[in-house]
Amino acid sequence: MGQVGQPRRVQEYDGELGAAVARAQDGDETAFAIAYRIVQPGLLGFLRGIVGDDAEDVASDAWLEIARDLGRFRGDGAGFRGWTATIARHRALDHLRRRRVRPQAGGTDQDVLDLAGPHNTHEQALESLSTEWALELIRGLPRDQAEAVLLRVVVGLDGPAAARVLGKRPGAVRTAAHRGLKRLARQLGIGGEAEEGVTDVASRTLGESK
């Protein structure tokens, strides 16, 4: 099973993100807005995969906490992406507990992430998905697999960072993500083993969530 690198579009923005966060910590409100614009689409897509239509409300709560605790953050752009995902996930799980609703993607709390995925035919199928349908399919996965795919593809975290968000081992994260992608491929009626390349394709489908 090959490992897939962090989506290129995420890597391109992480330098800008890190610089914006550093300026925001010095009180630059414009820089905070830049950081928000870079992180919010992926964060919102991640939350949609967990809480569905309540994602915007949960994201608002998460950003209030992010703004409040910004001075405590230490790290670069990639680290900030993981830090905000951890906060958002906690707020999402709090929201589900308040509503006494389990995540729609039920399942074990196994470990998650560092995908492998189908290329060629799989790529064409992923590109044909609408964002909402894609998120709905992911929400139907077991929870550990859903969170793995969401963190990797939508938020753009690498395997170790996703594992830290979930408090899991990177190896178990790789397994869960691989299984999730294979399961999605089966649901789409696509056969064959997953290969490298799905991350960028799925990012184009899911990473632009509005």
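Trainee: What should I know about the source before I start?

Mentor: This is a predicted model, where local features need pLDDT of at least 70, side-chain atom pairs count only at pLDDT 80 or more, and totals for chains, interfaces and linings use all residues. Residues are numbered from 1 along each chain as its sequence is written, and side-chain values use heavy atoms, with hydrogens and water left out.

Trainee: OK. How many helices and strands are there in the protein?

Mentor: The protein has 10 helices and 0 strands. Helices (H or I, at least four residues) and strands (E, at least two) are DSSP runs, numbered from the N terminus.

Trainee: And what share of the residues is buried?

Mentor: Buried residues make up 54% of the 210 residues. Buried means under 20% relative accessible area, exposed over 50%, partly exposed in between (1.4 Å probe, protein chains only).

Trainee: What about contacts across the sequence?

Mentor: Take contacts between residues at least 6 apart in sequence: 81% of them join residues at least 24 apart. Contact means heavy atoms within 4.5 Å.

Trainee: Let's talk core. Which residues have the most contacts inside the largest nonpolar core?

Mentor: Phe80, Leu151 and Leu157, in a core of 48 residues. A nonpolar core is a set of buried Ala, Val, Leu, Ile, Met, Phe, Trp, Tyr and Cys residues joined through side-chain atoms within 4.5 Å.

Trainee: Which helices supply at least two residues of this core?

Mentor: H1 (8-25), H2 (29-51), H3 (55-69), H4, H6 (131-139), H7, H8 and H9 each do. H2 gives the largest share, 11 residues.

Trainee: Phe80 again. Which ring pairs with the ring of Phe80?

Mentor: A search of the whole structure finds 5 aromatic pairs. In one of them, the rings of Phe73 and Phe80 have centres 5.4 Å apart and planes at 80°, so the pair is edge-to-face. Rings of Phe, Tyr and Trp (its six-membered ring) pair if their centres lie within 6.5 Å; planes under 30 degrees apart count as stacked, over 60 as edge-to-face and the rest as tilted.

Trainee: Are Phe73 and Phe80 buried or exposed?

Mentor: Both are buried. Phe73 also pairs with Trp83, and that pair is tilted: 5.3 Å centre to centre, 40° between the planes. Phe73 lies in the loop between H3 and H4 and Trp83 in helix H4, so the pair ties together parts that are 10 residues apart in sequence.

Trainee: Which residues form an aromatic cluster?

Mentor: Phe32, Tyr36 and Trp63 form one.

Trainee: Now the charged ones. Why does Arg81 count as buried?

Mentor: Because its relative accessibility is 5%. Arg81 is in helix H4 (residues 77-98). Its side chain makes a polar contact of 2.6 Å with the side chain of Asp14. A polar contact is a pair of N or O atoms within 3.5 Å; within protein, one must be able to donate a hydrogen and the other to accept it, and residues adjacent in sequence count only if both atoms are side-chain atoms.

Trainee: And Glu65, what does it touch?

Mentor: Ile87 and Arg91, not counting residues up to four places away in sequence. Glu65 sits in helix H3 and is buried, with a relative accessible area of 19%.

Trainee: Switching to H8. How many of its residues are buried?

Mentor: 6 of its 8, so helix H8 (residues 159-166) is mostly covered. They are Gly159, Ala161, Ala162, Ala163, Val165 and Leu166.

Trainee: What do the buried residues of H8 pack against?

Mentor: H4, helix H7 (143-155) and helix H9 (170-187).

Trainee: What happens at the ends of H8?

Mentor: At the start of H8, a side-chain oxygen of Asp158 comes to within 2.9 Å of the backbone nitrogen of Ala161. Just after H8, Gly167 has a positive phi of about 70°.

Trainee: Where is Val153?

Mentor: In helix H7. Val153 counts as buried, at 1% relative accessibility. Its C-alpha is separated by 9.8 Å from that of Gly45, 108 residues apart along the chain.
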